[in-house]
Amino acid sequence: MGKTLSQKVWEQHVVRTGGGQPDLLYIDLHLIHEVTSPQAFDGLRITKRPVRRPDLTISTEDHNIPTKDIHLPIEDPVSLKQVQTLRDNCKEFDIRLFSMGDPNNGIVHVVGPELGLTQPGMTVVCGDSHTSTHGAFGAIAFGIGTSEVEHVLATQTLPQPAQETMSITVNGELPEGSTAKDVVLAILGKVGTGGGIGAIAEFRGPVIEALSMEGRMTVCNMAIEFGAKAGLIAPDQTTFDYLKGRPHAPAGDDWDTAVAAWTELNTDDDAVFDREVVLDGSTIKPHVSWGTNPGQVIEVGAQIPSPSDFADPADQDAAQRALEYMGFEAGTPTNEIKVDTVFIGSCTNSRIEDLRAAAAVVKGHKVKDGMRTLVVPGSGLVKAQAIEEGLDQIFLEAGFDWREPGCSMCLAMNPDKLAVGERCASTSNRNFEGRQGRGGRTHLVSPEVAAATAIMGTFATPADLEA
Amino acid sequence: MDAVQVVQGRAVPLNRSDVDTDQIIPSDWLKRVERTGFEKGLFSEWRDDTSFVLNQEEYIGANILLGGPNFGTGSSREHAVWAIQQYGFAAVVSSRFGPIFKNNCTKNGLVPVEIDQETVAALMRAVEDDPDLEITIDVARRSIEAPAVDISAHFELSASVIERFLEGLDDIGITMRSTDSIDSYESNRPPWKPVTK
C-alpha cells in the first residue's frame, strides 16, 4: 500500500522510533514569539540547557505590539515587559529576532513563508496554534505549548504520537466571488470543530490545486479550527514559483536538488486515508460565521439559524448560547445585520493577495458612515509591497484606517479591541466569545466580504455592491 | 512535573460544549512572563456572574473539572492548563479535548480523562444531584469511578504518558538520552535545508 504525503514527511524526520515511546521527530524550523516563549527560556536557565540550534530558530514580535505610533515605547507596561523579555532572551541565546519596526517584522506565520524559510517537506513548529499555516508548502507544521517550546529549544526534536491521516478533497471549480476563506469556512461547517482531532489533514482536489500560495495558507491556517494536528497541501509548480528567489530558498544547484526532492512529496495513488471528506467546490458561496465557534457558519445572505435546526443536543445548546452572546434572533437575514467594525488582517488573511483583493472591492467606494475599519498588513514586507502598489491610498481614500503590521484585533492583546456588544466582520480565524475584546461579537469572513461589508454597513459580498 | 497516581475528590460540572482556551484564560492574561498566578484568570469573563458554576458554594474545593465536548479547543496557550491546575484542579473530564490542550495537560501532570459523552453526561447529572459525590481517577488503571452512583469508565492514555505521570518525569531529560540519535540524524540532513542566520 502506498503512503500519504504526511506519512512521507513524517518518516523523513524520525530520529528514534519504537521502545514503547512515541516517535521522536526532528524539527527543521522553530518559530518564536513573545507570548508563549518566556517561561520556556526560564526553564532553560533553571536547567542550564543551551539552545541546541539557534540557526534553526527565528523570532518575531507580533501578538502584543501596537499597530500605530510604533516609534513610541509600548504603552501597556505588561506588554512592554513581555516584548522586552523576548529581546533579552533572543540576545542571551543568540536567536535572530525581528523587532517591531524592522522591515522584516510581522506575524510569525507571514514572516516565515515570505522569507523562504518555510519549504516543502519540512517540520515546522511554533508556540501558536496557527502554525498549521505552513502546511501550505507541503510541510508538517503544528502549534505547540510552552513546555514543548522549551523541549524544541533544548533538543531540536519533539516526541509525537502517531496521527491518523485525513483527506479533504474539494472538487470542481469555485464560483466567481468565492475564495480560499470560503472554502475553509465551508469545510468547518461540514466537519465541525472536532472533525479533525487526532489526524493530519491533506487538502486536495482541483479547487485546492488552483489556489495561490496565499490562498493555500489561508486554508491550512484554519486546519486547527477543526482540531487537526496539522493541515497540508502537496507542493507543486505554484509552490516552487512562490519560493524561487526568496532570501532563504535554496539557490543555484541546490535549487534543482531541492525541487527534485520536493517533487517526490505527494500522496501515492494507492494510499488509503483513515478519514475522507469530499466537498463540491462549485457549491461553495461566500460564507460568514454567525456564532461563537468557527463551525457555526452560513452563506452570506442566508438567515441566522435556530437551535431547532440542529439534531445534536450539544449543538442545540451551543446554538442557543451563541444566539444570546451574539445578540441575535433566529431567522434574521445577514444582509439586515448592522456591522460596527471591519478588521482586515491576521495570519489568516493579511498577505499581499488579501490586501489586493480587498482593495479591488473598495476602490471607488467610501466606507459606511460611523463604521470603524482597520487594515493591518501581515508584515513589514507586505506593507511595503502594498504601498508600492498604491493599495494604502485606495484604503485611505475610502476611509479605512491603515496600520502597522501585527496580530492586532485578531486576539486583542494589543490596544486594538472590540467594546462590549461591538459587532465585527473580521478576516481572522476565531469567533470565540471575547476573542477580539471582552463582549465583542466576531464574524469570520473573507477579505472581499469584509471590504464589501465596510461599504454597505451590513454583511455583503462584492456582487451586492454592483446590484 | 510532579508525579500523579490517583486523583480523588469532588467535581464541578461545567455543562457547556466548545469551551475554548480563550474562555479558559482570556488573552489579556497571556502577557505575563511568569509561570504562576494564572488561577485568577481562569474563566475570568464568566466569573463575575454569581450563578457561574465555579462560584457556587457547593463546588468550592472540588479538584475535578467536568467539561462538555470539545473542551480546550483553539489556541496553543499552555496558560490554560496552568490556570486550571493553579486554581486547584488535578483532572479534567470531557468526551473530546482540543488536541494541543490535551497534549499540554500531559506535560504538566493535569490528567485529561477522555470518556464517552454518555458517561460524562451521567457524571454531570450525578454531581448536580450530589455535589459531594466522590470520584476516583486512577492513572495507572486508566479508570474513572463514582461507586456511589455506579458509574465507571475506562479512558485512553498512552503507556509513555502514564509512565511520565506516575514517575513525574521530565520530557526533555528523556529525550536527551537519545542525543546520539539526534546527532546522527543531524549529520545526515540535506545541506540545502534553510538556516535562519
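**View 1. An open sheet of four strands in chain A of this predicted model runs in the order β11-β10-β9-β12, with parallel pairing.** Strands β11 (230-232) and β12 (275-280) of chain A stand at the edges, where each has a single partner strand, so one side of each is left without a neighbour in the sheet. From one strand to the next, the twist averages 20°. Strands here are DSSP runs of E with at least two residues, and helices are runs of H or I with at least four residues, numbered from the N terminus; two strands pair if DSSP finds at least two bridges between them. This is a predicted model, in which local features need pLDDT of at least 70 and side-chain atom pairs count only at pLDDT 80 or more, while totals for chains, interfaces and linings use all residues. Residues are numbered from 1 along each chain as its sequence is written, and chains are lettered from A and ligands numbered from 1 in the order in which they are written.

**View 2. Strand β10 (residues 199-204) of chain A pairs with β11(A) in the parallel sense over three bridges.** Within this pairing, A:Ile200 has A:Ala230 of β11(A) as its bridge partner.

**View 3. Helix α6 (residues 180-191) of chain A packs on the sheet, touching β9 (164-171) and β12 of chain A.** Contact means that the C-beta atoms of two residues, placed from the backbone, lie within 7 Å. The direction of helix α6 of chain A makes about 125° with that of β12(A), where axes are lines fitted to C-alpha atoms, for helices over the stretch in contact, and angles run from 0 to 180 degrees between N-to-C directions.

**View 4. Chain B has seven helices and eight strands.** Its C-alpha atoms fill a box of roughly 65 × 40 × 25 Å, taken along the principal axes.
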